[in-house]
Amino acid sequence: MIRVQAEDFDVGEEIGRLTSGRTNVGGVATFLGLVRDMAKGKPVTAMTLEHFPGMTEKELAKIEAEAQSRWPLDASLIIHRYGRLAPGDRIVFVAAASAHREAAFESCMFLVDYLKTRAPFWKLEEGAAGADWVEARESDDLARARWQADSSLAKRVRPA
Amino acid sequence: MKLLYFAWVRQRIGLAEEEVTPPANVVTVGELVEWLRGRGPGYAAAFANPAVVKAAVNQEFAHPDRRLAPGDEIALFPPMTGG
């Protein structure tokens, strides 16, 4: 399930809803992304997330479908917020539920790596010296490329 | 055709979207960016380094050699920084 929203969310409630009635689920791996109060050694006072309404949901749905095709997932959830956020605020939540932990852990990491470089979001950080757009990091591209170069991890946990 | 701009591309140009009619020799996304670059200082600043600007045609990622079709909606934006 994909949700792009301005509103905050409750992690416990989200996990509860995801697993409710699914007694085949043996584990849920989650990632919660928060607004940091520092960037490149400078204090951050606020962060505004801009996105491309419509395309964002489509891209996230593609990424989720890709994870579902690579791992035996029983349920998955991506929540991504937009708008102006303060340090400590929740930005993104990814949850992957599966019968076994390998699929849950690996697909959760895959979902986060992919959405960082494929979902049309842009971060504007505010600090004492003004506002700056966050630059894309090469390490994020490399993190995504790893899943393209070697899918052996995924193959390992795929059902025969 | 309809153009959408995001993040610093939007800021430098000073518009979130606009309707344009490029000349007939503008056939691809890359040529569209080149043409936009000559439209004024804001555009020149936004597309100073066209290699870093990403494009989506009708909400699908597109390479610079992607051919344009009438009625296309083209979005131009910096590399994504979500998550």
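Student: How many bridges join strand β3 (residues 54–57) of chain B to strand β5 (residues 73–77) of chain B?

Tutor: Start with the general idea. Strands of a sheet pair through backbone hydrogen bonds, either parallel or antiparallel. Here 4 bridges join β3(B) to β5(B), and the two run antiparallel. Ala56(B) stands opposite Ala75(B) in β5(B). Strands pair if DSSP finds at least two bridges between them. Strands (E, at least two residues) and helices (H or I, at least four) are DSSP runs, numbered from the N terminus.

Student: What am I looking at, and how is it numbered?

Tutor: This is a predicted model: local features need pLDDT of at least 70, side-chain atom pairs count only at pLDDT 80 or more, and totals for chains, interfaces and linings use all residues. Residues are numbered from 1 along each chain as its sequence is written, while chains are lettered from A and ligands numbered from 1 in the order in which they are written.

Student: In what order do the 5 strands of the open sheet in chain B stand?

Tutor: The order is β2-β1-β5-β3-β4, with mixed pairing. β2 (17–19) and β4 (60–62) of chain B are at the edges with a single partner strand each, so one side of each has no neighbour in the sheet. On average, neighbouring strands of this sheet are turned by 25° against each other, direction ignored. Axes are lines fitted to C-alpha atoms, for helices over the stretch in contact; angles run from 0 to 180 degrees between N-to-C directions.

Student: Which strands does helix α2 (residues 29–37) of chain B lie across?

Tutor: Helix α2(B) lies across β3, β4 and β5 of chain B, at about 65° to β5(B). Contact means C-beta atoms, placed from the backbone, within 7 Å.

Student: Why is strand β6 (residues 73–81) of chain A largely enclosed?

Tutor: 8 of its 9 residues are buried, so the rest of the structure largely encloses β6(A). Buried means 20 or more other C-beta atoms within 10 Å of a residue's own; exposed means 12 or fewer, and partly exposed lies in between, with C-beta atoms placed from the backbone. β6(A) pairs in the parallel sense with strand β1 (residues 2–5) of chain A over 4 bridges. Val4(A) stands opposite His80(A) in β6(A). With strand β8 (residues 90–98) of chain A, β6(A) pairs in the antiparallel sense over 7 bridges. There Ser76(A) stands opposite Ala96(A) in β8(A).

Student: What does Ala96(A) touch?

Tutor: Its contacts include Val28(A), Leu73(A), Ser76(A) and Leu111(A), not counting residues up to four places away in sequence.

How values were computed:
Two residues are in contact if their C-beta atoms, placed from the backbone, lie within 7 Å.
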